[in-house]
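Thanks for making time this morning. I would like to walk you through one model, starting from its overall layout and ending at its surface.

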Amino acid sequence: VVVDHLRESNRVTCIGLWGRSMGASTALLHADRDPSIAGLVLDSPFSDLKVLCEELVDGYTNSRVPRWVTAIALQMVRSSISTHANFDIYDLAPVRHVSQSFIPALFTAAYNDHFIQPHHAKELHAAYAGDKNFIMVEGDHNTSRSKFFMDSVSIFFFNTLQCEMLVKGDSQSQVSSVDVFTARPSSDYQPLRPTPVIAPDPV
């Protein structure tokens, strides 16, 4: 909705998405159906929600819960959500979409992320069809990202959004689950701040 609004406003020429956690996965789910997006920054995405849920159960219970019990519980949740929201949570599998995504993308994951383990981002990066790069960072799932990473993101969007200038700001400011970055037409260029699309991840 926000992307459509920006396009209809005639105030921007390029749009980029910066997502973290669920926001990064959401951006990937959108990317293959909207190739006009200029660039993607994908911080700690999961490759498949079902796999993530199974890993979380194993991690928080030291694998004491049998997989068949987890499968039954997930199926109950899946059925309830499908009934009340007409939505299948098993469709939340970005790994099924990345082979048809060609938008320039910057992937990242944290070495000590035990919530969404780095192999998710690595798997997505490996299968991604478009131009791509991958950066491993220090910390865990919720750690503030380093100045090096934030500067890398600035350079990435500077190139993909075809900006006229980089705006000096607080490189340590953190992104919400999904942010939209835009570039104005050069004849009326003014730096735009990120516009949050989804509230920050609660974890």
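Read along the sequence, the protein chain runs α-β-α-β-α-α-β-α-β-α-β-β, which gives 6 helices and 6 strands, where helices (H or I, at least four residues) and strands (E, at least two) are DSSP runs numbered from the N terminus. Please keep in mind that this is a predicted model, in which local features need pLDDT of at least 70 and side-chain atom pairs count only at pLDDT 80 or more, while totals for chains, interfaces and linings use all residues. Residues are numbered from 1 along each chain as its sequence is written, and side-chain values use heavy atoms, with hydrogens and water left out.

Of the 203 residues in the protein chain, 44% are buried, meaning under 20% relative accessible area, as against exposed at over 50% and partly exposed in between, with a 1.4 Å probe and protein chains only. Helix α2, residues 22-31, is mostly covered, since 7 of its 10 residues are buried, among them G23, L28 and L29.

Turning to helix packing, α3 (residues 49-61) and α4 pack at an angle of about 130°, with their axes 11 Å apart. The two helices are therefore oblique to each other, because angles under 35 degrees count as roughly parallel, over 145 as roughly antiparallel, 65 to 115 as roughly perpendicular and the rest as oblique.

Finally, I72 is found in α4, residues 67-85, and I72 is partly exposed, with a relative accessible area of 44%.

Notes: Axes fitted to C-alpha atoms, helices over the stretch in contact; angles between N-to-C directions.
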